[in-house]
Amino acid sequence: MKEKIYTAKKLGVPMMFLVILMFLCSLAGFIMGVGHFINCDDNGLPVQPLYVCLFVGGIILFVLSCILCGGFKMLNPNEAVVLNLFGKYKGTLKEAGFYYVNPFCVSFNPAADTKLRQSDDVGANKSLSASTNQQAVTSKKISLKMMTLSNNKQKINDCLGNPIEIGIAVIWKVVDTAKAVFSVDNYKEFLSLQCDAALREIVRTYPYDVAPNIDTTGDGVADDGSLRGSSEIVAAKIKAEIQKRVSEAGLEIVEARITYLAYAPEIAAAMLQRQQASAIVDARKLIVDGAVGMVQIALDSLSENKIVDLDDERKAAMVSNLLVVLCGNHDAQPVVNSGSLY
């Protein structure tokens, strides 16, 4: 179904004064008719047809005024109202203003009472001071603002089978009100479910951290893609996947961001030990490489400056001692040799 703008003029203020005038006229006719009936009953006078007409006309005018009151629609900026007349879509009011429409047109929004973890629902249940009618009218409006949906964290297995917990925040807005209310049963719940499905679809193609022989781009070549290191690329893919799924509901995904990423609790401790072991190995390798370079510099300096001539056995002993000093976890305890080396 294609959205169409309801071509109604902003006649809310003139019609409001007209309805007020009709209320006053109906009240005056009702009072005059009741007063005449009481006077005739007290004095035994015949009832005049004019006052009967005033009484009946006042009642009819009052009922008509009540019916006309249903045609007032007030919109704030970035709000819309979908109008439905006897089951037929008549159009959408989008421009801010005070409108008067067909009083039998009703506002239609099946997602009005749906409360999710999104920006337009924050504090929705905190204030109950407004009247029931005002709440009903307000709840039927569709917000056209950009809103943020933050679903619960999900536990998903990455491409290596490791369970991880991940959460995303999705910034979205309604761009086609007709599709939003007629193409799906509840566009808010539809968006929430599609966000979960798209997140699961994308995350299962990536490892949590960089892993060898893993192709995350689908080109058949191993790469360095990961959830932790390629968050921008992953977020872009999640956004595109969600947009593909919710286009039929008249929604636009502005942005999608990963807000939480961690290993699942059952493997978090083991993965932490693995990361610590990997870090220790890398640090040791760096220390050993540096120590070997320092030993090489020391031997070359002694040889070039002809400070002392060392045979292969003495060089081996010196290299061993220097590596122990440079690579040890604790400070070395020096031993002073007062004798000759030979």
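Which residue in the hairpin of S8 and S9 takes a positive phi? Select Gly161: its phi is near 90 degrees, and the hairpin has 5 residues between the strands. Helices (H or I, at least four residues) and strands (E, at least two) are DSSP runs, numbered from the N terminus.

**Before going on**

This is a predicted model, where local features need pLDDT of at least 70, side-chain atom pairs count only at pLDDT 80 or more, and totals for chains, interfaces and linings use all residues. Residues are numbered from 1 along each chain as its sequence is written, and side-chain values use heavy atoms, with hydrogens and water left out.

**Stop 1: strand S9 and its partners**

Stay with S9, residues 163-174. Two strands pair if DSSP finds at least two bridges between them. S8 (residues 154-157) pairs with S9 in the antiparallel sense over 4 bridges. Pick Gln154 and find Ile166 opposite, in S9.

Next, show S7. S7 and S9 run antiparallel, joined by 4 bridges. Thr148 has Ile171 of S9 as its bridge partner.

Gly167 stands opposite Tyr260 in S10.

Now colour by burial: buried means under 20% relative accessible area, exposed over 50%, partly exposed in between (1.4 Å probe, protein chains only). In S9, 10 of the 12 residues are buried, so the strand is largely enclosed by the rest of the structure.

**Stop 2: the cores**

A nonpolar core is a set of buried Ala, Val, Leu, Ile, Met, Phe, Trp, Tyr and Cys residues joined through side-chain atoms within 4.5 Å. The largest has 39 residues. Select Trp172, Val174, Tyr187, Leu191, Ile238, Ile242 and Leu251, which touch the most other members. Elements giving two or more residues include S2 (79-85), H4 (177-182), H6 (231-246) and S10 (251-263). H5 gives the largest share, 7 residues.

Centre on Leu251. Contact means heavy atoms within 4.5 Å. Beyond its neighbours within four places in sequence, Leu251 is in contact with Trp172, Lys173, Val174, Val175, Tyr187, Leu191, Gln243 and Val246.

A second, separate core has 10 residues, among them Ala8, Leu75, Leu93 and Tyr99.

**Stop 3: helix H2**

Select residues 49-68. H2 has 20 residues and reaches 28 Å from first C-alpha to last, close to the 28 Å expected at 1.5 Å a residue. The expected span is 1.5 Å times one less than the number of residues.

Show Gly58, Ser65 and Leu68, which are buried in H2. They cover an arc of only 100 degrees around the axis, which puts them on the same side of H2. The arc is that of the directions from the helix axis to the C-beta atoms. Turn to the other side of H2: Pro49, Cys53 and Ile60 are exposed there.
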